[in-house]
Amino acid sequence: MSRFVEREETLRHLDLEEIVAKCVDRYIGLGFHTYIYPDITEEEAIEKYRKDFTLPKDAKKPTEYERRFSIINAVDPRVPILEKDKRANIKEWTNTENIINHTHIPDRPYIVFTHDGTLYLPDTVNQAIGKFAEDEVGEPLTETIDLYLNRPELFKTRGRDSAGSRAGRGGVPCLGTFSGFPGVGAGSADGPLQDWGAGSRGK
């Protein structure tokens with residue numbers, strides 16, 4: 001518990017650019033740069049990949065997000081979920097190639113402002129969606145995966161529902177740790193589970 005608190009305090013003092021750079025470092029460690037740029041040298045791929053996450057000079061967290069969305073996450077939607085899961089040793093208990101996203105996902109790297117997963121506990125996904133603010137949307141699965149890659153400690157004691165995506169038969173994809181390892185499954189949008197929170201983020 002103390003380590004988690006220390007991590008949160010540290011994040012408050014890091015600027016946006018530093019946080020994004022740390023996310024990019026993790027993606028490079030998983031080889032995302034060579035997946036995106038397979039036909040150039042690794043050094044060139046790393047340089048080009050880092051540039052893909054360059055922020056505008058005036059980039060900052062909206063003040064209205066401060067209390068609700070304290071966590072910053074960089075997302076790379078170009079790498080398929082199946083590929084991410086293979087590289088990060090995330091088990092798949094549902095077919096991630098058939099995921100339908102209700103939240104729009106850009107076709108290039110982007111940043112999101114989200115929360116630790118407790119914001120809507122113990123609401124079901126549909127109950128949580130009913131409480132979303134006008135500037136809030138459900139988190140799609142690719143963002144949930146990337147959040148796990150960057151902040152795995154958030155998943156140690158609870159799972160996270162990807163409220164912005166749907167799996168087969170209308171189920172909600174989710175990520176949690178099963179028997180000590182991470183896995184992606186799917187559950188009911190109306191099924192309350194004490195240790196599973198609906199993921200959301202600012203528009």
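**Entry 1: Gly176**

Where is the place of Gly176? I found Gly176 in strand 8, which runs over 172-178. I am taking helices (H or I, at least four residues) and strands (E, at least two) as DSSP runs, numbered from the N terminus. Before going on, I note that this is a predicted model, where local features need pLDDT of at least 70, side-chain atom pairs count only at pLDDT 80 or more, and totals for chains, interfaces and linings use all residues. Residues are numbered from 1 along each chain as its sequence is written, and side-chain values use heavy atoms, with hydrogens and water left out.

Gly176 is buried, at a relative accessible area of 1%. My cut-offs: buried is under 20% relative accessible area, exposed is over 50%, and partly exposed is in between (1.4 Å probe, protein chains only). Not counting residues up to four places away in sequence, Gly176 touches Gly159, Phe181, Pro182, Gly183 and Trp196; contact here means heavy atoms within 4.5 Å. I also checked Ser188: it is 12 residues from Gly176 in sequence and 15 Å away in space, C-alpha to C-alpha.

**Entry 2: the whole chain**

I counted seven helices and 10 strands. The C-alpha trace spans about 50 × 35 × 35 Å along its principal axes. For 203 residues, a compact globule would have a radius of gyration near 17 Å, and the chain's 16 Å agrees with that. That radius is taken over C-alpha atoms, and the globule rule is 2.2 Å times the number of residues to the power 0.38.

Of the 203 residues, 47% count as buried. Among contacts with a separation of 6 or more, 74% come from residues 24 or more positions apart. The accessible surface is about 10900 Å², with 50% of it belonging to carbon and sulfur atoms; areas come from the Shrake-Rupley method with a 1.4 Å probe, and for residues only the protein chains shown count as cover.

The mean positions of the 28 positive and 34 negative charges are 2 Å apart. Lys and Arg count as positive, Asp and Glu as negative, while His and the chain ends are not counted. Each charge is placed at NZ of Lys, CZ of Arg, CG of Asp or CD of Glu.

**Entry 3: cores**

Which residues touch the most other members of the largest nonpolar core? Out of its 28 residues, I get Tyr27, Tyr49, Phe53, Ile90, Ile145, Leu149 and Leu175. A nonpolar core is a set of buried Ala, Val, Leu, Ile, Met, Phe, Trp, Tyr and Cys residues joined through side-chain atoms within 4.5 Å. At least two residues of this core come from each of helix 2 (16-29), helix 3 (32-36), helix 4 (42-51), strand 1 (71-75) and helix 7 (141-150). Another core, of eight residues, lies apart from it, with Tyr120, Val125, Ala128 and Phe132 among them.

I followed up Tyr49. Leaving aside neighbours within four places in sequence, Tyr49 is in contact with Val24, Tyr27, Ile28, Phe32, His33, Ile36, Tyr37, Asp76 and Arg78.

Then I turned to helix 7. 10 of its 10 residues are buried, so helix 7 is largely enclosed by the rest of the structure. Among the buried ones are Thr142, Glu143, Asp146 and Asn150.

**Entry 4: prolines**

Pro109 sits in the loop between strand 3 (100-101) and strand 4 (110-114). Is Pro109 buried or exposed? With a relative accessible area of 14%, Pro109 is buried. Beyond its neighbours within four places in sequence, Pro109 contacts Asp52, Phe53, Val75, Asp76, Pro77 and Arg78. Val75 is 34 residues away along the chain, yet the two C-alpha atoms are separated by 5.6 Å.

Pro152 is in the loop between helix 7 and strand 6 (159-162), and at 35% relative accessibility it counts as partly exposed.

Pro122 is in the loop between strand 4 and helix 6 (125-131). A cis peptide bond joins Leu121 to Pro122, with omega about 0°.

**Entry 5: positive phi**

Asn89 is not a glycine, but has a positive phi of about 60°. I placed Asn89 in the loop between helix 5 (81-87) and strand 2 (91-92), where it counts as exposed at 61% relative accessibility.

Arg169 also has a positive phi of about 60° without being a glycine. Its loop runs between strand 7 (165-166) and strand 8, and at 92% relative accessibility Arg169 counts as exposed.
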